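Have a look at the structure below. The questions that follow ask how its features get their labels.

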Amino acid sequence: MALLEVRDVVMRFGGVTAVGGVSFSVEERQICGLIGPNGAGKTTLFNIISGIYRPSEGSVTFAGTNTTGLPRHAMAPLGLGRTFQNLALFRSMSVRENVLAGAHSAGHAGFLANALRLPAARREEAEAARRADELLALLALQDVADVLVADLPFGTQKRVEMARALISQPKLLLLDEPAGGLNHGEVDELARLLEEVRASFDLSILLVEHHMSLVMRVSDKVVALDFGKKIADGTPFEVRTSPEVIRAYLGDGHDAHAA
């Protein structure tokens, strides 16, 4: 069974169909790219998978659990982590504090244990601090660990958000436009980082991304959308050379070599 199964998902907003019957899967330890022109339905689909939207039709199954319609706060404990296109960090908090905030969803000690500082709560805090240190090292954030997030460059803030998503030890990491706003060198660094994260944490990654060279470089499979419909699903080469994909991005009159 695949880690993530999206089956015949439809999302309507009033009379507008944003996603029209999309199905695809993500296997364990797989990197899957989700691409498409602006307005193709990528972010809407992401919001359905992560519990922000309840689909009008269809189902989402994650790690063997039907998560269709589950609230967003129920997703992290199941093993789903997410970053956002528009950063959702606590700007008045330090890098370390932001990362540690992501460990809250993985805690099991309970309110009373935390309020009374019982041993179970202290053990969880120590484990969270250890994982935070590992992530700060992996994502090259040690030197800015105590700096306010608001004082950091955009590319560094992106890494902070990824660290915060990873500290809860997800099985699937959803990345929404991770290369947005990055320069060429930073995109190359991100590609290496994604491969290292997959190997280090033994997880799957689903990324929405407009940066085609990044998607084709790191993805094991790619799913392409256009006007809310799936138009391709396969290896990076198969999707890159698909006539439907070329038409969606470039219009008629282009051959496969143009992609």
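**Labels and cut-offs**

Helix H6 is mostly covered, with 12 of its 13 residues buried. The model is a predicted one.

Q: What makes a residue of H6 count as buried, and which residues are buried?
A: Buried means a relative accessible area under 20%. In H6, the residues that are buried are Gly155, Thr156, Gln157, Lys158, Arg159, Val160, Glu161, Met162, Ala163, Arg164, Ala165 and Leu166.

Q: How do you know what span to expect for H6?
A: The expected span is 1.5 Å times one less than the number of residues. Helix H6 covers residues 154-166, which is 13 residues, and the expected value is 18 Å. From its first C-alpha to its last, H6 reaches 19 Å, close to that value.

Q: Why is the pair of phenylalanine 13 and tyrosine 53 called edge-to-face?
A: The structure holds 1 aromatic pair. Rings pair if their centres lie within 6.5 Å, and planes over 60 degrees apart count as edge-to-face. The ring centres of phenylalanine 13 and tyrosine 53 are 5.4 Å apart and their planes stand at 75°, so the pair is edge-to-face. This pair links distant parts of the chain, 40 residues apart: phenylalanine 13 is in strand E1, and tyrosine 53 is in the loop between helix H1 (42-49) and E4.

Q: Are phenylalanine 13 and tyrosine 53 buried, exposed or partly exposed, and how do you know?
A: Partly exposed lies between the 20% limit for buried and the 50% limit for exposed. Phenylalanine 13 has 37% relative accessibility, so it counts as partly exposed. Tyrosine 53 has 28% and therefore counts as partly exposed too.

Q: Why is glutamate 28 called partly exposed?
A: Its relative accessible area is 47%, so glutamate 28 is partly exposed, as exposed would need over 50%. Glutamate 28 is found in the loop between strand E2 (16-26) and strand E3 (31-35).

Q: What is glutamate 28 in contact with, leaving aside its neighbours within four places in sequence?
A: Glutamate 28 is in contact with Leu3 and Ser204. Contact means heavy atoms within 4.5 Å. The C-alpha atoms of glutamate 28 and isoleucine 205 are 9.0 Å apart, although 177 residues separate the two along the chain.

Q: How do you know that E1 pairs with E4, and E4 with E5?
A: Two strands pair if there are at least two bridges between them. E1 (residues 4-13) and E4 (residues 57-62) have 5 bridges in the antiparallel sense, with glutamate 5 opposite threonine 61. E4 and E5 (residues 65-66) are joined by 2 bridges and run antiparallel.

How values were computed
Residues numbered from 1 in each chain as written. Predicted model: local features only at pLDDT ≥ 70, side-chain atom pairs only at ≥ 80, totals over all residues. Heavy atoms only, no water. Helix = DSSP H or I, 4+ residues; strand = E, 2+ residues; numbered from the N terminus. Phe/Tyr/Trp six-rings, centres within 6.5 Å; stacked < 30°, edge-to-face > 60°. Buried < 20%, exposed > 50% of the residue type's maximum accessible area, 1.4 Å probe, protein only.
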